[in-house]
Amino acid sequence: MVNSTHEKDILIDCKNLQKTFYTGGVETHALRDASCVIRRGEFVSIMGPSGSGKSTFMHLLSFLEEPTGGSYRFDGKDALAFDRKILARLRNQEIGFIFQAFNLLSKLTVHDNVELPLLYDFYTKGFSRSKEHKKRIAHALESVGLTHRAEYKAQYLSGGEKQRVAIARALVNNPKIIFADEPTGNLDSKAGLQVMKILQKLSADGHTIIMVTHEHSTARHASRILRLRDGVLERDEKVEDRLFATEMEELK
Ligand SMILES: Nc1ncnc2c1ncn2[C@@H]1O[C@H](COP(=O)(O)OP(=O)(O)OP(=O)(O)O)[C@@H](O)[C@H]1O
Ligand SMILES: [Mg+2]
């Protein structure tokens, strides 16, 4: 009984995950050995030196790349058995992505950028601008504090605002899990803290957050830190001196 409840809490369970790239006759062991268990609603940071395999690890966990070895269970199922159709649906509906470079479409408005993941419905079911979609966009913009920017073109926003639009876009399908690769890498410290505050709130609301970062101070907003070195997940530790972005802001 205890065991089954425990199992249900687990979103990610990977063992000896590996990724080797073969490019121009050269083998690169980007990820040699990564094992971890991540529960629903956890906020986990991935740290490690440049080239240690952080992005590769995240790409495997988020189904952007296929591993060349190891096992991976996602939400209780064998992820290596998922076909293209399942993967496309997962990437669209259950996973949100946030990148260092924001990756917005600069000529589109904030509203239309956030709407993009909803267009998947257009291809699968025949899209209509339903009330439900409008509500979801409004809710996503509200949760990042950007309701007043909805009709702005993305190109006119500050870096911090762009990243918050990217978070709203990641959120619009109410994903189980959000992957963020260096989300504060292009931001000043104040905008970075706003992003941390939003991610901590999302985690408190039950979203699982996995974030790659170089900065120890950013990593400490998570509840756990996984450390990679030369493609090996060497350490998995609880954050004892966790930072909370609201407290940090008040200190400023
Ligand atoms: N598509 C690819 N083809 C070949 N080699 C790759 C590919 N992607 C990553 N690598 C190599 O794998 C290793 C790990 O790369 P990765 O991008 O995961 O590191 P990282 O820890 O995210 O680094 P950074 O902090 O600089 O972003 C590096 O040596 C990199 O050059
Ligand atoms: Mg990287």
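1. Leu108 is partly exposed, with a relative accessible area of 27%. Here buried means under 20% relative accessible area, exposed over 50%, and partly exposed in between, taken with a 1.4 Å probe on protein chains only. Leu108 sits in the loop between β6 and α4. Helices (H or I, at least four residues) and strands (E, at least two) are DSSP runs, numbered from the N terminus. This is a predicted model, in which local features need pLDDT of at least 70 and side-chain atom pairs count only at pLDDT 80 or more, while totals for chains, interfaces and linings use all residues. Residues are numbered from 1 along each chain as its sequence is written, chains are lettered from A and ligands numbered from 1 in the order in which they are written, and side-chain values use heavy atoms, with hydrogens and water left out.

2. What does Leu108 touch, leaving aside its neighbours within four places in sequence? Its contacts are Asn113, Leu116, Tyr152, Lys153 and Ala154. Contact means heavy atoms within 4.5 Å. Leu108 and Tyr152 are 44 residues apart in sequence, yet their C-alpha atoms are 8.3 Å apart in space.

3. Tyr152 is also touched by Leu157. Leu157 lies in the loop between α6 and α7. Leu157 counts as buried, because its relative accessibility is 7%. Ala204 makes a contrast: 47 residues from Leu157 in sequence, and 28 Å from it in space, C-alpha to C-alpha.

4. Helix α7 covers residues 159–171, 13 residues in total. From first C-alpha to last it reaches 18 Å, close to the 18 Å expected at 1.5 Å a residue. The expected span is 1.5 Å times one less than the number of residues. Is α7 enclosed or exposed? It is largely enclosed by the rest of the structure, because 11 of its 13 residues are buried. Among them are the charged-type names Glu161, Arg164 and Arg169, along with Val165, Ile167 and Leu171. The buried residues of α7 pack against β6, α4 (110–115), α6 (131–143), β7 and α8 (189–204).

5. The largest pocket has a volume of about 320 Å³. On a 1 Å grid over the protein atoms alone, a pocket is an open set of points with protein on both sides within 12 Å along at least five of seven lines; a cavity is a set where a 1.4 Å probe fits but cannot get out; lining residues have an atom within 4 Å of a point. Grid points are joined across faces, edges and corners, and a volume is the space filled by probe spheres set on the points. The pocket is lined by 15 residues, and Arg91, Asn92, Phe97, Pro117 and Arg169 lie nearest its centre.

6. Which elements supply at least two residues each to the lining of the largest pocket? They are α3 (84–94), β6 and α7. β6 gives the most, with four residues. The lining divides into nine nonpolar, four polar and two charged residues. Ala, Val, Leu, Ile, Met, Phe, Trp, Tyr, Cys and Pro count as nonpolar, Asp, Glu, Lys and Arg as charged, and the others, Gly among them, as polar.

7. There is one cavity of 30 Å³ or more. The largest cavity holds about 50 Å³ of space. Its lining is Met58, His59, Ser62, Leu64, Phe97, Ile98, Phe99, Phe179 and Asp181. The elements giving two or more of these residues are α2 (54–61), β6 (95–99) and β7 (177–181). The largest share, three residues, comes from β6. Six lining residues are nonpolar, two polar and one charged.

8. Asp75 is buried, with a relative accessible area of 18%.

9. Strands β1 (residues 10–23) and β2 (residues 26–39) run antiparallel, joined by 10 bridges. Two strands pair if DSSP finds at least two bridges between them. Ile12 stands opposite Ile38 in β2. Two residues lie between the strands of this hairpin, where Gly24 takes a positive phi near 50°.
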